[in-house]
Amino acid sequence: MSVSPNSPAGVVGADVLTSIFGGWPSFHDSEVVRFALDRSGEDGPSLEAEIYVFDMTSEVDAKGYFVLRNRSVVTFRFEGVANCRLDGFNGQNVLSGLWVERVDPVEGLELRVEMPSIYGVDASLDCKAARVLRVRPA
């Protein structure tokens, strides 16, 4: 998996990921493990996403599989969610990437999040804030 040299603007706690991966991971071939939607709370509707992410090296192990490094599960929380679209969630949800970009604020929405699919879930949303809640070894 390749890394981007810079983390996306506006993601609180992104430095936790960049310290592990040496940059913002591309999230190519990463997998959505869990989505949790909640309409209550002071910050309005929220979405939590747990995503399995790793570095794929060019090394091959004895069984012929690529060696994976920095295998982690990152938990994101997106707050003040609007325009949320989730399609195709199933037993395996492989992403082609995860992009967070600043947008011109409309009704307080600051960020656009895209999680395009390789297989399974395809998601996008607008939100007021995004944060990395935790990163744990997988």
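**Ground rules**

The model is predicted, so I take local features only at pLDDT of at least 70 and side-chain atom pairs only at pLDDT 80 or more, while totals for chains, interfaces and linings use all residues. Residues count from 1 along each chain as its sequence is written, and side-chain values use heavy atoms, with hydrogens and water left out.

**Entry 1: the open sheet**

I looked up the strand order first. Four strands make an open sheet that runs β7-β12-β10-β9, with antiparallel pairing; I count two strands as paired if DSSP finds at least two bridges between them. At the edges sit β7 (82-87) and β9 (99-106), each with pairing on one side only. From one strand to the next, the twist averages 15 degrees; the axes behind it are lines fitted to C-alpha atoms (for helices, over the stretch in contact), with angles from 0 to 180 degrees between N-to-C directions.

I then zoomed in on one pairing. Five bridges join β9 to β10 (residues 109-115), in the antiparallel sense. R102 stands opposite L111 of β10.

**Entry 2: helix α1**

Which residues of α1 are buried? In this helix (residues 14-21) they are A14, L17 and F21. Buried is under 20% relative accessible area, exposed is over 50%, and partly exposed is in between (1.4 Å probe, protein chains only). Just past the helix, G22 has a positive phi of about 75 degrees.

**Entry 3: salt bridges**

I ran the search over the whole structure and got 10 salt bridges, each being a side-chain nitrogen of Lys or Arg within 4 Å of a carboxyl oxygen of Asp or Glu.

R77 pairs with E48, with 3.3 Å between the closest N and O atoms. R77 belongs to strand β6 (residues 66-79) and E48 to β5, so this bridge ties together parts 29 residues apart in sequence. Are R77 and E48 buried or exposed? R77 is buried, and E48 is buried too.

E79 pairs with R131, closest N to O at 3.1 Å. E79 lies in β6 and R131 in β13 (residues 129-137), so parts 52 residues apart in sequence get tied together. E79 is buried at 8% relative accessible area, whereas R131 is partly exposed at 26%.

R85 pairs with D122, and the closest N and O atoms are 2.8 Å apart. This bridge links distant parts of the chain: R85 is in β7 and D122 in β12 (residues 122-127), 37 residues apart. R85 is partly exposed at 36% relative accessible area, and D122 is partly exposed at 22%.

Next I checked for links between bridges.

**Entry 4: positive phi**

In general, most residues other than glycine have a negative phi. I looked for exceptions. D29 is not a glycine, yet its phi is positive, about 70 degrees. D29 sits in the loop between β3 (24-25) and β4 (31-38), and is partly exposed with a relative accessible area of 29%. N83, likewise a residue other than glycine, has a positive phi near 55 degrees. N83 is in strand β7 and is exposed at 52% relative accessible area.

**Entry 5: a nonpolar patch**

M56, V60 and F66 make a nonpolar surface patch of about 270 Å². My patch rule takes residues with over 30% relative accessible area and no salt bridge, joining like charges within 9 Å and nonpolar side chains (Val, Leu, Ile, Met, Phe, Trp, Tyr) within 5 Å. Areas come from Shrake-Rupley with a 1.4 Å probe, and for residues only the protein chains shown count as cover. I placed M56 in strand β5 (residues 46-60); at 33% relative accessibility, M56 counts as partly exposed.

**Entry 6: P137**

P137 falls in strand β13 and is exposed, with a relative accessible area of 69%. How far apart are P137 and V12 in space, C-alpha to C-alpha? I get 20 Å, for a pair 125 residues apart in sequence.

Technical notes
Helices (H or I, at least four residues) and strands (E, at least two) are DSSP runs, numbered from the N terminus.
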